[in-house]
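Please consider the structure shown below. The account that follows treats its pockets, its cavities and a few selected elements in turn.

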Amino acid sequence: MHHHENRAILLVTCQDKPGIVAAISTLLFNHHANIVQSDQYSTDHEHGRFFMRIEFEWQKDQAHFRSIQQALQSLAATHDFTYKLEEAQRKKQMAIFVSKENHCLSELLWKWKAGELYADIPLVISNHPDTQVEVESYGIPFYHIPATKENREEAEAAAIALLKEHNIELVVLARYMQILTSTFVSQFPQRIINIHHSFLPAFIGANPYAKAFERGVKLIGATAHYVTDDLDEGPIIEQDVIRVDHRHSAKDLRIVGRNIERIALARAVQWHLDDRCIVHQNKTILF
């Protein structure tokens, strides 16, 4: 993904019908824009949906981004499609929520510092003070908001106020061990990414690694998904698994699990930041 100042990403969703690709290509051509990459996918039954992702560059001396935006707006009305247009050089504002375990947080901060995650991180919020030193060592403000069943509403209200103040567009739950209410989730539709230790079979509740060990599992996995009101049932962005065997102790399984959680979450965050995800019903179309 190149973050040139005259590059943009266009995501399109609509009913599948002839002429959409031609209309959009013509519009871009008329605005001196050059398509760098184009991916499309349509569901094949008769009332099919059509999804497209285009990366394009425009010649700054011959066209303005604003004029391309306006032309797209009227084209979308004519052809009845929904779209999202993002300038590649614009950094999204991202917040990270964390509890005590820092493996996912550390991975995200490291990749961000290395320039692999193209975003601004104005704040990290935690219900425990454990990761404060690590977060502040990156020059990122850390907010400790204790959250319990008793004060959940006030804690969430405080968090939402901070997120609004910093114009946060993406919330990443990096092993944040609190359930978010529907009030919180509804404020950030398709903008909250969670990492879930999904096991095959999926062990729920406390100490899943001990249960996995007792059952002698052969695969350990993790699932990164968008958060919806159905706990852990939102659209899946990325999953990964690793093979294990009877030689792995419960402690070994926990280490393997942490590594997989880090990788799956970081990938999902990167794809979201690079505008590669379109959510349709409870599925994620990935380009």
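This is a predicted model: local features need pLDDT of at least 70, side-chain atom pairs count only at pLDDT 80 or more; totals for chains, interfaces and linings use all residues.

Residues are numbered from 1 along each chain as its sequence is written, and side-chain values use heavy atoms, with hydrogens and water left out.

The spaces are found on a 1 Å grid over the protein atoms alone: a cavity is a set of points where a 1.4 Å probe fits but cannot get out, a pocket is an open set with protein on both sides within 12 Å along at least five of seven lines, and lining residues have an atom within 4 Å of a point. Grid points are joined across faces, edges and corners, and a volume is the space filled by probe spheres set on the points. Helices (H or I, at least four residues) and strands (E, at least two) are DSSP runs, numbered from the N terminus.

The largest pocket holds about 1000 Å³ of space. It is lined by 46 residues, and those closest to its centre are Arg175, Asn194, His196, His197 and Asp232. At least two lining residues come from each of strand 9 (192–196), helix 7 (208–215), strand 10 (219–226), strand 11 (236–243) and helix 8. By class, the lining of the largest pocket comprises 19 nonpolar, 17 polar and 10 charged residues. In this division Ala, Val, Leu, Ile, Met, Phe, Trp, Tyr, Cys and Pro count as nonpolar, Asp, Glu, Lys and Arg as charged, and the others, Gly among them, as polar.

Eight of the residues lining the second largest pocket are nonpolar, four are polar and six are charged.

How many cavities of 30 Å³ or more are there? The count is two. The largest cavity has a volume of about 110 Å³. Among its 13 lining residues, Ala147, Ala155, Glu156, Tyr176 and Leu180 are the closest to its centre. The lining of the largest cavity consists of 10 nonpolar residues, one polar and two charged. The second largest cavity, of about 60 Å³, is lined by 12 residues, and Ala88, Arg90, Lys92, Leu273 and Asp275 lie nearest its centre. Its lining divides into five nonpolar, one polar and six charged residues.

Helix 5 (residues 152–165) contributes the largest share of the lining of the largest cavity, four residues. This helix has 14 residues and reaches 20 Å from its first C-alpha to its last, close to the 20 Å expected at 1.5 Å a residue; the expected span is 1.5 Å times one less than the number of residues. Ala155, Glu156, Ala159, Ile160, Leu162 and Leu163 of helix 5 are buried, where buried means under 20% relative accessible area, exposed over 50% and partly exposed in between (1.4 Å probe, protein chains only). Seen down the axis of helix 5, the buried residues fall within an arc of 160°, so they line one face of the helix; the arc is that of the directions from the helix axis to the C-beta atoms. On the other side of helix 5, Glu153, Glu154 and Glu165 are exposed. The buried residues of helix 5 pack against several elements, including strand 5 (92–98) and helix 6 (182–187), with contact meaning heavy atoms within 4.5 Å. Asparagine 167, which follows helix 5, has a positive phi near 50°.

Two loop residues complete the account. Arginine 276, in the loop between helix 8 (250–273) and strand 12 (277–280), is buried, with a relative accessible area of 14%. Beyond residues up to four places away in sequence, arginine 276 touches Gln37, Arg53, Glu55, Trp271, Ile285, Leu286 and Phe287. Proline 141 lies in the loop between helix 4 and strand 7 and is partly exposed at 37% relative accessibility. Its C-alpha atom is separated by 5.0 Å from that of leucine 123, 18 residues apart along the chain.
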